[in-house]
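We will go from stop to stop together.

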Amino acid sequence: MKFSDHTLSDEQLIADAVAGNKEALEVLIKRYQDYIYNISLRLFIDPDDALDATQEVLIKVVTGLRTFGGRSKFSTWLYRIAVNHFLSAPVNKIEKQFVKGFDVNTIDYREEERNSYTEDE
């Protein structure tokens, strides 16, 4: 059986991948990696974060493929994994850096008052 053939169903590829066929797993991953990236990009916004999330989701897919029961479409199962990953992910890097570097005690309110404009000006 030629696994690069696009006529193979997801179900056949999943069954073969679960049985240990690495070629079937590779075809399955290649078939859906752009789909997962697009979901991740919509959720994470930042392309680098989306790329990281895609890799992490694919790892979850590979390690959890045996748990796919076929009660839904494979793409639906992947979508849920990607969304759940987003919901459990820590805040993005920029938010972490901002919150980490922000200290309310360092704000000089007097400076703001000196620079504020009055209605008379």
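**Stop one: a glycine in a helix**

Select G64, which sits in helix α3; helices here are DSSP runs of H or I with at least four residues, numbered from the N terminus. This is a predicted model, where local features need pLDDT of at least 70, side-chain atom pairs count only at pLDDT 80 or more, and totals for chains, interfaces and linings use all residues. Residues are numbered from 1 along each chain as its sequence is written, and side-chain values use heavy atoms, with hydrogens and water left out.

Is G64 buried or exposed? G64 counts as buried because its relative accessibility is 14% (buried means under 20% relative accessible area, with a 1.4 Å probe and protein chains only).

**Stop two: α3 against α4**

Show residues 47-64 (α3) and 74-88 (α4): their axes come within 10 Å and cross at roughly 125° (axes are lines fitted to C-alpha atoms over the stretch in contact, with angles from 0 to 180 degrees between N-to-C directions). Next, pick out the contact (heavy atoms within 4.5 Å): A53, E56, V57, K60, V61 and G64 from α3 meet F74, W77, L78, I81, A82 and H85 from α4.

**Stop three: α1**

Move to residues 10-18, helix α1, where D10, L13, I14, D16 and A17 are buried. These buried residues pack against α2 (22-44) and α4.

Note on methods. Helix = DSSP H or I, 4+ residues; strand = E, 2+ residues; numbered from the N terminus. Buried < 20%, exposed > 50% of the residue type's maximum accessible area, 1.4 Å probe, protein only.
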